[in-house]
Structures are given as C-alpha cells and as structure tokens.
Amino acid sequence: MNAPFCAEQSRQSGLDIAGTASEHRLYVAIACPPPWERNDMASKGIPTVLRELSEEIYDDYDRYQTRFLLIHNDQLSQENLTRVLVFRKPSGFATAYEKQEFHLGDIRDVAPLVRQVVMGEPLSATPVDLPSRDILVCTHGSRDRCCSRFGTPIYHQARKLVTELGLQNIRIWQASHIGGHRMAPTAIDFPTARYYGYLDETSLRSVLTHSGDIRSLETIYRGWGLLPWAAQVLEKQLLLTHGWDWLTYSAAAQVLEHDADETFNRVEITYCPQSGQQQTVQADIVADTARTVYLNGSCASDKTSAIMPYRVKNVVRCRGEMAGSR
C-alpha cells in the first residue's frame, strides 16, 4: 500500500495555513531547466562555483537572509540567455519586494553577479526593465513528491489561464523548493511575496485576476512574506475584511512581544490605503492548542509533528476603537 501524500493529509485536517509564508530579506531566482536534485543548487545545470557560493551564503544565513530558487518556463527560455530575478525586501512601508532582473549570456556569469547582489557590491551587470508579476509554483518533485503530483498540474493550469484570460505582464514559473510541501500545490506571487497553498483551478483564477469571492482565499492564503509570521495571521484577517483592495495597501508590521515558545504573540500592523489615512491595528496571536493536529511534515517523514493553528484575539485599533475579533 502506497504511503499517503502529506499534502492530502494536511488538507483533510482543515488546518489553517495562515502564518506559513517565509520571510527572507533577499530571494535570488535563477533560470535553470530541470531535472533538479533534492538540493536544488547541486543540480547538474549549476556550475560548481555557484553551488559553493550558495553554500557559503546559506552557512551565514543570519547575515545574508537569502533564499536561492531555481525557476524554469520553457516558453521563456532563450538560447545564450540566463535570467536572474532578484527580489529584495524594502525597509519600512511597502506593498512589495523590490525587483531586479538580469539577463546574462551564460550561467557561469551568475556567480559573480550573485556575490555582488548579496554582498552589496557594485554590480557588473545592468538590470533590465521588465515590470511583471512572477508566479513561482513549486514543482520540485525530487524534494517532495507532493510538489510534483500537485504542483506540476497547477503550473500548467496557471499558464493556460494566463493565456485564456489574456492576462498581461504575468509570468508563470515552475520553481524549486519554496517551503511547505505539505501545503502543495504551493506558490509565491512576486513581487509582493504572498504565499498560497492547496491551490485549485478556482482559487488559482482568483489569485491571478484578484477578483471573485475574497473568501476563496480563506483556506489557501499562507501569508505575506513581507511580514513576520505572527503578523501574517492578523494580516489574513485584514485581507478578508478589506477585500481585494487590501492587496494595494502598503503596510509594515512588528511583533511587540511574545512568550518563549511563541504560543502568545502581540503584533501590530500599520497600513495605508492608496488614498486614505494611515491606520494601526494591534492584536494577540494565540496558539489554539485544543485544535492541535499531528501531521507528517513531508512525504518522506515517518514521524508526525504537532502543529497548532493560531487565533486572532483582542483586536484593537490604536486610538482605542475595537475592531472585532474571531
């Protein structure tokens, strides 16, 4: 009997996946066709010098806070052109990461550029101006079979929808491991760095078009990677309250306090509509221990882990106005 898929188990649990978006200062996405090794930077298409540089940067993660990804779209591939997409987290209020895209003649040219980008050195390449949304769908089956089983069909479905709906300036990429394969199919919407999981055709259409019933995001929204994970739980509630317009708001967040095991967190989000006054909301993000579930973190794991959902409590707008709770 085949072992169950971890994503199916997780989906069936009904666990809220808010607060599971990763928060990196820098993403470096390098175009490299699959197949990808389980350790993506050890893949055949990656030069040794680039793999060794990625290891050096990962070994000092607290300093560089950088995540490497491999991406591919056969329709966007061009001979003698390697794309490198860089997404850098801005400081303060923001709606999205700052994007730079580089077109290099050879993948062997990537390592010197990456070192410059990550170390803050003068750049030897000039970025190209290509404003676009880049949707990265994890299809990294050698990392977890769920990402191949569920991610690959959604990747092709997303490409099909973009064509059918005539959506402009949206590129769909298959990507190596982005984290959270138990939530497959999972994707990141750059440059905002909003994470989604359990995507299906209906929810995918809403994500691409920013239309439809905002409640369609309730079970698929993992969070906004610009914010600390605990603030992401409150941010999801604000998204569902304000609707699609929320995606145009700029925001900043901080964790005001938390206990040692982070089962209690007090967070604050300050946000500003495109035409409106700045507002600040505080709330407590509290582990709902009564709803703890035990899940495999991956298909390869033979042990389950306790995973607690979090609740938003004591929501208060600064100035003392109660904003509601759930």
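**Start of helix 5.** I began where helix 5 begins: a side-chain oxygen of Asp144 comes to within 2.8 Å of the backbone nitrogen of Cys146. I note here that I am reading a predicted model.

**Along helix 5.** Next I followed the helix itself. Helix 5 covers residues 145–164, which makes 20 residues. From its first C-alpha to its last I read 29 Å, close to the 28 Å expected at 1.5 Å a residue. Where does the kink in helix 5 lie? I found it at Gly151, shortly before the proline Pro153, with a bend of about 35°. After the helix comes Gly166, and its phi is positive, near 65°.

**The buried side of helix 5.** I then listed what this helix hides. Among its buried residues are Cys146, Cys147, Phe150, Gly151, Ile154 and Tyr155. Further along, the list includes Gln157, Ala158, Arg159, Leu161 and Val162. I kept a general rule in mind: an α-helix has 3.6 residues a turn, so residues three or four places apart point the same way. Which elements do the buried residues of helix 5 pack against? I wrote down helix 1 (6–13), strand 2 (66–72), strand 5, strand 6 (170–175) and helix 6 (201–209).

**The cores.** The largest nonpolar core has 73 residues, and Ile172, Leu217 and Leu234 have the most contacts inside it. Helix 5 gives the largest share of this core, 8 residues.

**Asp134.** My next stop was strand 5 (residues 133–138), which holds Asp134. Is Asp134 buried or exposed? Asp134 counts as buried because its relative accessibility is 0%. Its side chain makes a polar contact with the side chain of Trp173 at 2.8 Å. Another polar contact joins the side chains of Asp134 and Ser132, at 3.0 Å. Leaving out residues up to four places away in sequence, I noted that Asp134 touches residues including Leu85, Phe87, Lys99, Arg171 and Ile188.

**Salt bridges.** I searched the whole structure and got 19 salt bridges. The side chains of Glu101 and Arg171 form one of them, 2.6 Å from N to O. This pair links distant parts of the chain, with Glu101 in strand 4 (residues 98–104) and Arg171 in strand 6, 70 residues apart. Glu101 counts as buried because its relative accessibility is 1%. Arg171 is buried too, with a relative accessible area of 11%.

I looked up another pair, Glu218 and Arg215, whose side chains meet in a salt bridge at 3.5 Å, N to O. Glu218 is partly exposed at 33% relative accessible area, and Arg215 is partly exposed at 43% relative accessibility. Which residues do salt bridges with shared partners join into one network? I wrote down Arg83, Lys99, Glu101, Asp134 and Arg171.

My last pair was Asp60 and Arg63, a salt bridge whose closest N and O atoms are 3.9 Å apart. Asp60 is partly exposed at 29% relative accessibility, whereas Arg63 is exposed, with a relative accessible area of 57%.

How values were computed:
Residues are numbered from 1 along each chain as its sequence is written. This is a predicted model: local features need pLDDT of at least 70, side-chain atom pairs count only at pLDDT 80 or more; totals for chains, interfaces and linings use all residues. Side-chain values use heavy atoms; hydrogens and water are left out. Helices (H or I, at least four residues) and strands (E, at least two) are DSSP runs, numbered from the N terminus. Buried means under 20% relative accessible area, exposed over 50%, partly exposed in between (1.4 Å probe, protein chains only). A polar contact is a pair of N or O atoms within 3.5 Å; within protein, one must be able to donate a hydrogen and the other to accept it, and residues adjacent in sequence count only if both atoms are side-chain atoms. Contact means heavy atoms within 4.5 Å. The expected span of a helix is 1.5 Å times one less than its number of residues. The bend at a residue is the angle between axes fitted to the seven residues ending there and the seven starting there. A salt bridge is a side-chain nitrogen of Lys or Arg within 4 Å of a carboxyl oxygen of Asp or Glu. A nonpolar core is a set of buried Ala, Val, Leu, Ile, Met, Phe, Trp, Tyr and Cys residues joined through side-chain atoms within 4.5 Å.
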